[in-house]
Protein chains: 2
Amino acid sequence: MILDLKIDKNVQEPVYFQIYEQIRDLIASGALKGESKLPSIRALSKALGVNSVTVVTAYNMLEKDRYVYKRQGSGTFVISKGEDFLLNREQPMYFEPGELDMENEYDDEYIDFSISAPDPKLFSVKDFRQVMNEVLEEDGARAFMYQKSVGYRPLRDALVDYAANYGINCKSEDIYVVSGAQQGIDIMAKALVKSGDCVFVEQPTYSGAIAAFKSRGAKLVEVPLQKDGPGIKELEKLVRIYKPVLFYAMPNFHNPTGSIYSDRKKRYMLLLAKKYDFRILEDDYSGDLNYTDQKLLPIKAYDNNDRVIYLKSFSKIFMPGFRLAYMVIPEDIRRKAADAKIASDISTSGLMQRILCKYIQKGILEKHIKFLRKEFSVRYLEMVRAIKKTIRGASFFEPGGGLNLWVNLPDGISSQELYENCRDKKVIFSPGTFYFNDEKGQCYMRMSFAATNIDEIWKGLSIIGMEVEKLKNKY
Amino acid sequence: MILDLKIDKNVQEPVYFQIYEQIRDLIASGALKGESKLPSIRALSKALGVNSVTVVTAYNMLEKDRYVYKRQGSGTFVISKGEDFLLNREQPMYFEPGELDMENEYDDEYIDFSISAPDPKLFSVKDFRQVMNEVLEEDGARAFMYQKSVGYRPLRDALVDYAANYGINCKSEDIYVVSGAQQGIDIMAKALVKSGDCVFVEQPTYSGAIAAFKSRGAKLVEVPLQKDGPGIKELEKLVRIYKPVLFYAMPNFHNPTGSIYSDRKKRYMLLLAKKYDFRILEDDYSGDLNYTDQKLLPIKAYDNNDRVIYLKSFSKIFMPGFRLAYMVIPEDIRRKAADAKIASDISTSGLMQRILCKYIQKGILEKHIKFLRKEFSVRYLEMVRAIKKTIRGASFFEPGGGLNLWVNLPDGISSQELYENCRDKKVIFSPGTFYFNDEKGQCYMRMSFAATNIDEIWKGLSIIGMEVEKLKNKY
């Protein structure tokens, strides 16, 4: 196909721009449909009697502005309308309401299904005191000095074994300690993302990640999720079109949907990352809270080509107030990551690092995780039962792990309206609109059982169930 | 004066660009000298027979590219050559060596004049333990939950009175708690600085600030310092040329030089900030370590127009391992700052915040600061004496406060070479090259007495003095 373009060499507009504009208009008007192939460079330059560099320039502009994409070896194709996955919303500063407003306001009066940090009642202050005292006896005030910005060495050593429990082979040098997972995301955004770079996120995703990437001036592309991860063909096409530098993903017990990438898709992500030269920032926020015998490994466990930056928060399995997380970072980007950490806060509290180190060395953390896993698995099962019983017409995926259920509300119920009504009754959850760009979130709610006991689960859900019925009757 | 420009309306190049290029070339060749005035818009457009908008466009381009600057009401002037204060260096990841390498490596064997964090021996672990136990008794594991991202309310309340001690009138809502001063800088960079924006820093300055601003893609301009702050005329001119969004300053006991802005210059900075609509980020890292009866207030104390973001670290007067600082933030930028904090690490450790809160409430912090002031003033005086005695030919300003002396080495001694020689003898300091873009730092060393006792001061300095003599003899 040769396009019917009109080139006028006597006007001021450069020829490449005339070509760009006319093809752009043909696409916008629908005359050139999605997936149709543009003429080859050679054919078009010959037909128009222009230099091939001129056509290349025009095609590159079209690609940059995302009207077309290239498939290696087969040519340049028009991007279908309605396939613009670019997230154009303004910075959506929606956070988990409980986590941000919890100071004295909600905790006692409210039943809070929005917070995904563990119930403080599950944390042993006695253990903490003992560990703290041991640290102070051994190190005294030296525990309060600056640490190396990449982390306290004995903790990094201890984390090597810890990571091995999750199938990750690494050395101390690979491990960086950071002040919580949010900082980990922020640091990698600083290290890897320049203004205008494209970052992939799952749809829906954690809004704190969106905030960190947007703050760098990144272009965000939302990748739709199936139950077992992104659609393979679709993902490869998006990668070709948008050329991401980074894919931020939560492959196990995804937040908020709970979905779990299949092993096949985990490996496929790695193949793509290698082929198209991007990194995967794997946020393993609750992979260790697995309540079934399904074997789940992080993508990092399959990574033979240094494609994955692994990020593990201790907020869900220890306590969020410690502000501790660790990363496993490929060697070639370690210097950049260290510089970004220094520019962010110099170093993470040495005292907290020493405490976590001792928790691991003495086996207390392992015991605590086992305890939490047992406790949360009971709450998980009760939550599953309670939702089924109280919210008629709801449906949801049962991930068998994590701290949340992602509930598809009965037809026509708006999660935002339901949220407001329940909040008046002192029950809160995260409406799906916190996680989506557009209206897609209206039919979902994220229900966390991290901070609610069994009584609260049943009591809170019976209130939500009643409010759902009221809304059904309202319409 | 009408410039001799040649405009050709028949070429493809737009007329405004022809004007831009020819004036640019006249400046570059020296035909148009620094401070010469360009023709008025009206005169030039008449002389060239072009639309005045065309000339405006050309002048704006020249201004943007920093060939000219505008003085309100008087016209457009050529910027003198050799007056380019733009800091073009690559990200200089130089940090205080002690602070970053201190883990087990240096502390015992080395006499460390590079570290500006207090000697851990000055911190009472017993006090800490007691405060910590009180916090745990009162709040239990709730102390480990997420906090509001702007800070733990009782601490913010306590900081209102604390700030009042330093002449700052503010409300709890004005106060944000952050994870150390470096994070405060990073957050304000995120909140206020977009890629391409201009940020002023003092010359020399703290490299952690440079790192944070550079990470945002800021253009940095270095403002030379006199003993009592920036030169007034020079500063106003730089502001006119570069139009900063932010001026990062340490007006009391500046790091590294120790210089102190005069009251007149503090007020003048505020006038400029109002007139030219920029903010001042005031890093008051050691204003409370004042060993004389000179009355020193932060710029924030004079600020009636919400121009100053005040940033106060607790690393120098408490311990750096707490990772605590606070900011006083003008109301109109508070939302942006809160968003930036959330994207950075959600919130600062609630446990650490509660501990600091109790330290303040019980008066322990005040007592501790008095103790440190006394202790450091002794070290300060010994350091002054020791340098005078041991380094023949050195000169330095005696600030009467802070934690550093900025020593001008005898002629011809390279601070980098001296550093390397002393390091072999297990004495370290910060060479001036850590703080400057170019060779200017070669003749300076920053000597901190924060972590060295009197014996170490004399022992360390006698070694440095001998190494200086060896270098003198070498040339």
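How many residue pairs are in polar contact between chain A and chain B, both at pLDDT 80 or more? In this predicted model, the count is 18 residue pairs. The side of chain A that touches chain B draws on several helices. The elements of chain A that give two or more residues to this side are helix 4 (97–106), helix 5 (125–139), helix 7 (181–192), helix 8 (207–215), helix 11 (334–345) and helix 12 (350–361). By class, this side of chain A has 30 nonpolar, 18 polar and 19 charged residues.

In contact terms, 67 residues of chain A meet 66 residues of chain B. The area buried between chain A and chain B is about 5800 Å². Carbon and sulfur atoms give 59% of that area. Salt bridges were counted as well, and four link chain A and chain B. One salt bridge joins the side chains of Lys190(A) and Asp186(B), with an N to O distance of 2.7 Å.

Cysteine pairing was examined next. Over all chains, the count of disulfides comes to zero. Cys357(A) is in no disulfide. The nearest cysteine sulfur to that of Cys357(A) belongs to Cys170(A) and is 15 Å away. Cys357(A) has a relative accessible area of 2% and is therefore classed as buried. Cys198(A) is likewise classed as buried, because its relative accessible area is 3%.

Two further sites were described, one in each chain. In chain A, Thr76(A) lies in strand 2 (residues 75–78). Thr76(A) is buried, because its relative accessible area, 9%, falls under the 20% cut-off.

In chain B, Gly217(B) sits in the loop between helix 8 (207–215) and strand 7 (219–226). Its relative accessible area is 30%, so Gly217(B) is partly exposed. Leaving aside neighbours within four places in sequence, Gly217(B) is in contact with Lys194(B), Ser195(B) and Gly196(B). Gly217(B) and Leu48(B) are 169 residues apart in sequence. In space, the two are 38 Å apart, C-alpha to C-alpha.

Methods:
Residues numbered from 1 in each chain as written. Chains lettered and ligands numbered in written order. Predicted model: local features only at pLDDT ≥ 70, side-chain atom pairs only at ≥ 80, totals over all residues. Heavy atoms only, no water. Contact = heavy atoms within 4.5 Å. Buried area = accessible area lost by both parts, 1.4 Å probe. Polar contact = N/O pair within 3.5 Å; in protein donor to acceptor, adjacent residues only side chain to side chain. Helix = DSSP H or I, 4+ residues; strand = E, 2+ residues; numbered from the N terminus. Nonpolar A, V, L, I, M, F, W, Y, C, P; charged D, E, K, R; others polar. Buried < 20%, exposed > 50% of the residue type's maximum accessible area, 1.4 Å probe, protein only. Disulfide = S-S within 2.5 Å.
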